[in-house]
Structure formats: C-alpha cells, structure tokens
Amino acid sequence: MRSRRPAVFSAFLALLMVTPLRGITEEEAETDSGARREARGLNPYTAPSIEQIFQRLDELKPLPFDLVRRDFAAGSHAGREQIGMQFGGSVADGFLLVACQKKNMVDELGRVLLRQARSLGVGQRVMRHSASLTELGRRGDWRAMRSELMATQTDVEQAMVDLHDQKMAQLISLGGWLRGLEICAAAVETQYTPQRAKTLAQPDLVAYFWDEIRTLPPSVGQTPLFQEIRTGLGSVRGVVQKAPAAGLTATDAKALHTLARQMNAAVQRE
C-alpha cells in the first residue's frame, strides 16, 4: 500500500467529523479516527473517508436533487468488483438522501446496501446498519443517519482488511468518490461560482485513482467496464490539470459532471 501524503491533500483528507457525542474536540476525533483507519491498513488514499463527501455536500447546498437522482443498481448480474463500486456509490446516494432529507427513499437504500454487502460476503457486518438506517430515516434523524452511514463504511473497510482484500476497499472508495463527484459537479454547474468550483479541484486524488485502476488484474482491468472507467478518469484528470490559475470554469464543471455521470452509469449498468 502507498503511504505518500502530499500537503495538497490536507484539506480533502482531513477527517472532518460531525460534532462528537462525547466531550472531545473535533481535532481529537480527527486524530483518533485517522489513527484507527491506518491501524486497519487503510490510509486515506486506499479508502478516503466518506465524511469528505458529506462536507462537500454541505458546502454546496442546495443540491439539485432532481438532476442527480437515480434508481439504485439491480446488481443481479454484476461481477464482484462492479458490485464493490456499486456499494460505494450507494453509500454516496445515502449522503444525497440525508442532505436533501428524502424519507421516502431510505427504506430502499437500506435494502440495497444489505443486498450488495451480501454479494461482497460481508452481509452480517451491514445487517444491523441497514435496519438502523431505515429507522433513523423514517424518524428524520438526519444527523444520526449521517453517523450510521459513516459507521457502515467503517465496518465494510474492516471486513475487507479481514479478507485481505485491499483492492476491493479501493474500488468501494472509488465508487463512492465517483458518485460524489457527479453530485458535486452538478451542484456547481447549476449554481456556478469560482469558490464553489474549488470543491472539484482534486488533481492529485484523481491521479491516484487513475493509477490504481491501472493496477487491476488483467482479468478485471481489461473488461469493458474498467476500460471505460480508466478512460473516463483520464479525461477527468485532463480537465482538472489544465484548469487555469483562476480555477475551474463553469465549462469545466459541466464537463466533470458529464464525465462522472457517464462513468457512474457504466457502473450501474447490467
């Protein structure tokens, strides 16, 4: 696993926790959470914390829900690697539901996460989270649901470590990040300002995922799905690297939205 930590990642990779329930500072919670993730063998590059998507969604509210809403993946004929990416995308969909407070879609989210987790061989780790997410969503306890979504990813990360499957942890992370990019880019596109566009400027992270996708075994990496993902990430990398000194433009935000939407559609496709 890689351990490089360039300073440019500091804003993205800091664990920006919701206010802790016990009397510790956010700085203490951040340090503790980061230490526990690394103790499990998951540095921020292998599996960036899902808390970052929450922060970006908070920064970009109001979100264009009708523009980015989608059906959950059926997943009945998908391979394990594809289901891993679908799982990450479903968790990101959960963030969208929380941000937009969509009670009517929470039940289905819980069922989908559990079905996908079972396909990955970690259903027992997610079962209790699925029930809790459903109950919290029905009650409209969005703060607690945020925490439960984060706990869901933590348990799946640990399960992947237990199974010695770091590559799957990366694919789950990539699936969540791609869906988060689509949502964030759509929000910036519909209400553009240079400041909002800064949330999309993650060139080093894009380069990391692009490099990682190329290390997949040929039996996986040469499939049409992952060839499409690799090409798409290369295009995303080109957009963010050529951005002018002033930052990403409205045209750039639209291009990133389109690219992310196309890759996510491929991940969902049967």
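This is a predicted model: local features need pLDDT of at least 70, side-chain atom pairs count only at pLDDT 80 or more; totals for chains, interfaces and linings use all residues.
User: What makes the phi of histidine 164 worth a remark?

Analyst: Phi of histidine 164 is near 55°, which is a positive value in a residue other than glycine. Glutamine 101 also has a positive phi, about 55°, although it is not a glycine. Glutamine 101 lies in the loop between H5 and helix H6 (106–119).

User: How do you know which peptide bond is cis, and where is proline 62?

Analyst: The bond that joins lysine 61 and proline 62 has an omega of about 0°, and it is a cis peptide bond. Proline 62 lies in the loop between helix H3 (51–59) and H4.

User: Why is the contact between lysine 242 and aspartate 252 called a salt bridge?

Analyst: The rule asks for a side-chain nitrogen of Lys or Arg within 4 Å of a carboxyl oxygen of Asp or Glu. For lysine 242 and aspartate 252 the N to O distance is 3.3 Å, so the pair meets the rule. The pair links distant parts of the chain: lysine 242 is in the loop between helix H13 (224–241) and helix H14 (250–268), and aspartate 252 is in helix H14, 10 residues apart.

User: Which of these two residues is buried and which is exposed?

Analyst: Lysine 242 has 57% relative accessibility and counts as exposed, because exposed means over 50%. Aspartate 252 has 5% and counts as buried, because buried means under 20%.

User: What makes aspartate 141 partly exposed?

Analyst: Its relative accessible area is 29%. That value falls between the 20% and 50% cut-offs, so aspartate 141 is partly exposed. Aspartate 141 forms a salt bridge with arginine 139, the closest N and O atoms being 3.6 Å apart.

User: How do you know that arginine 70 and aspartate 93 form a salt bridge, and what does the pair tie together?

Analyst: Their closest N and O atoms are 3.0 Å apart, and the limit is within 4 Å, so the pair qualifies. Arginine 70 lies in the loop between helix H4 (65–68) and helix H5 (80–100), while aspartate 93 is in helix H5, so the pair ties together parts that are 23 residues apart in sequence. Arginine 70 and aspartate 93 are both buried. Arg70, Asp93, Arg179 and Glu182 are linked in a network of salt bridges. By this rule the count comes to 15 salt bridges.

User: Why are H11 and H13 called roughly antiparallel?

Analyst: Helix H11 (residues 203–213) and H13 pack at an angle of about 155°, with their axes 9 Å apart. Angles over 145 degrees count as roughly antiparallel, so H11 is roughly antiparallel to H13. The crossing of H11 and H13 is left-handed.

User: What makes H9 mostly covered, and how does its length compare with the expected span?

Analyst: Of the 25 residues of H9, 21 are buried. H9 reaches 36 Å from its first C-alpha to its last, close to the 36 Å expected at 1.5 Å a residue.

User: How many helices and strands does the chain have?

Analyst: The chain has 14 helices and 0 strands. Of its 270 residues, 53% count as buried.

How values were computed
Residues are numbered from 1 along each chain as its sequence is written. Side-chain values use heavy atoms; hydrogens and water are left out. Helices (H or I, at least four residues) and strands (E, at least two) are DSSP runs, numbered from the N terminus. The expected span of a helix is 1.5 Å times one less than its number of residues. Buried means under 20% relative accessible area, exposed over 50%, partly exposed in between (1.4 Å probe, protein chains only). Axes are lines fitted to C-alpha atoms, for helices over the stretch in contact, and angles run from 0 to 180 degrees between N-to-C directions. Angles under 35 degrees count as roughly parallel, over 145 as roughly antiparallel, 65 to 115 as roughly perpendicular and the rest as oblique. A crossing is left-handed if the near helix is turned anticlockwise from the far one by less than a right angle, and right-handed if clockwise.
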